[in-house]
Amino acid sequence: MNLLFTFHNASAWALVGLIWTTQLAHYPLFAQIGREAFVAYHQRYTKQITWVVAPLMFTEIATAGLIVIAGSPGPWFLASLVPLAFNWLSTWLVQIPLHDKLAAGFDAHAHQRLVATNWWRTAAWTLRGICLMMVTR
């Protein structure tokens, strides 16, 4: 169980760092790319960031499931599952559709919504990290 929790904790904290980097650096800089280069840039960005994000997110959710199945995860771990579920829903229902819109070309409103709504995920992953710090193993 300790090794499983270590993998879970590592993936969750990697995502905490990644979401803050995305929120403070990557997404705000989308507006600086320029309309002519934006589609190619965005296509390359989403392809490359997926290679980083997808394995971490799948590791995070798979290890969370295994910890729950193993039994007795504790109240802080169980509390951390709420922001985990929120992040998956937000990613699929909000961020991916906004990225799909941006894939067609820079759209200032879609970009603004992407940055604004990504604060939700930033807060949720940060909250997850705090909850996981409270877990005693």
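What percentage of the contacts in the chain with a separation of 6 or more is accounted for by residues 24 or more positions apart? The share is 79%, where a contact means heavy atoms within 4.5 Å.

This is a predicted model, in which local features need pLDDT of at least 70 and side-chain atom pairs count only at pLDDT 80 or more, while totals for chains, interfaces and linings use all residues. Residues are numbered from 1 along each chain as its sequence is written, and side-chain values use heavy atoms, with hydrogens and water left out.

The chain contains four helices and zero strands, in the order α-α-α-α along the sequence. Helices (H or I, at least four residues) and strands (E, at least two) are DSSP runs, numbered from the N terminus. Whole-chain values are collected below.

| Property of the chain | Value |
|---|---|
| Box of the C-alpha atoms along the principal axes | roughly 55 × 25 × 20 Å |
| Buried share of the 137 residues | 38% |
| Accessible surface | about 7600 Å² |
| Carbon and sulfur share of that surface | 71% |

Buried means under 20% relative accessible area, exposed over 50%, and partly exposed in between, with a 1.4 Å probe and protein chains only. Accessible areas come from the Shrake-Rupley method with a 1.4 Å probe.

The chain carries 8 positive and 4 negative side chains, and the centres of the two sets are 7 Å apart. Lys and Arg count as positive and Asp and Glu as negative, without His and the chain ends; the charge is placed at NZ of Lys, CZ of Arg, CG of Asp or CD of Glu.

Gly65 belongs to helix H2, residues 35-70. Gly65 counts as partly exposed because its relative accessible area is 29%. Gly65 and His8 are separated by 57 residues in sequence, with a C-alpha to C-alpha distance of 9.9 Å.
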